[in-house]
Amino acid sequence: LALALCAVCALADPPHPIWPTRFSATVLDVSSQSSQPTFNRWFVDGTQKKERFDGFFTFENEGYFGTQITDVSANTTTIVAYQSDSASCWVLQGADPMVKPSFSGFTYIGEAIVNYYNVDWWMETGTYKGQNYTLEYYDRPDNSDPVRFDFTTASFQTSLVFFEFEVMSDA
């Protein structure tokens, strides 16, 4: 009986992932809307409803290092763009909602290997604003850190590949 119980427990799906409220991450963003992948630092504080991206980007065919700070409470996005001898700043009205997946609609697909990590593979399919989508999420079973997050529609695809992920305490 004990062996049968262990076999059933071994076949049970792992608990659904939980997206943290506060974290920092190093992320490679590979998107169908960009000619080149971008490598960014991503900081999120869901308690204060703010997030920040640091990385390189192209604007008007010129390369910049930039920081984008989104303040959902103030409904603003601040962009600071740096070049070797200058800095420019824009404060824009409007703020996209922060990424905070619930994973409640995700189905456990099984195990996979991503970037040499054994991962749990989760998937959700659905329709949003009349467009079918697929979300795929891969996290490490040993510490629940995300390894990759894919979003695909008929006209758009992006993959966020996580190279470092640190959950910050809410204290």
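## Close-up views of a predicted chain

**View 1. Charges in the chain.** The chain carries 9 positive and 21 negative charges, and their mean positions are 6 Å apart. Lys and Arg count as positive, Asp and Glu as negative; His and the chain ends are not counted. Each charge is placed at NZ of Lys, CZ of Arg, CG of Asp or CD of Glu. This is a predicted model: local features need pLDDT of at least 70, side-chain atom pairs count only at pLDDT 80 or more, and totals for chains, interfaces and linings use all residues. Residues are numbered from 1 along each chain as its sequence is written, and side-chain values use heavy atoms, with hydrogens and water left out.

**View 2. The fold.** The chain holds one helix and eleven strands. Helices (H or I, at least four residues) and strands (E, at least two) are DSSP runs, numbered from the N terminus. The C-alpha trace spans about 70 × 40 × 35 Å along its principal axes. Of the 171 residues, 34% are buried. Buried means under 20% relative accessible area, exposed over 50%, and partly exposed in between (1.4 Å probe, protein chains only).

**View 3. The largest pocket.** This pocket contains about 1,900 Å³ of space. It is lined by 49 residues; Asp-29, Phe-53, Val-99, Phe-156 and Leu-160 are the closest to its centre. Strand 3 gives the largest share of the lining, seven residues. A pocket is an open set of points on a 1 Å grid over the protein atoms alone, where a 1.4 Å probe fits, with protein on both sides within 12 Å along at least five of seven lines; lining residues have an atom within 4 Å of a point. Grid points are joined across faces, edges and corners, and the volume is the space filled by probe spheres set on the points.

**View 4. Asn-75 in its loop.** Asn-75 sits in the loop between strand 4 and strand 5. Its phi is positive, about 55°, although Asn-75 is not a glycine. Most residues other than glycine have a negative phi. Asn-75 is partly exposed, at 38% relative accessible area.

**View 5. Tyr-116 in its loop.** Tyr-116 lies between strand 7 (107-114) and strand 8 (117-128), in the loop. Phi of Tyr-116 is also positive, near 70°. Tyr-116 is exposed, with a relative accessible area of 84%.
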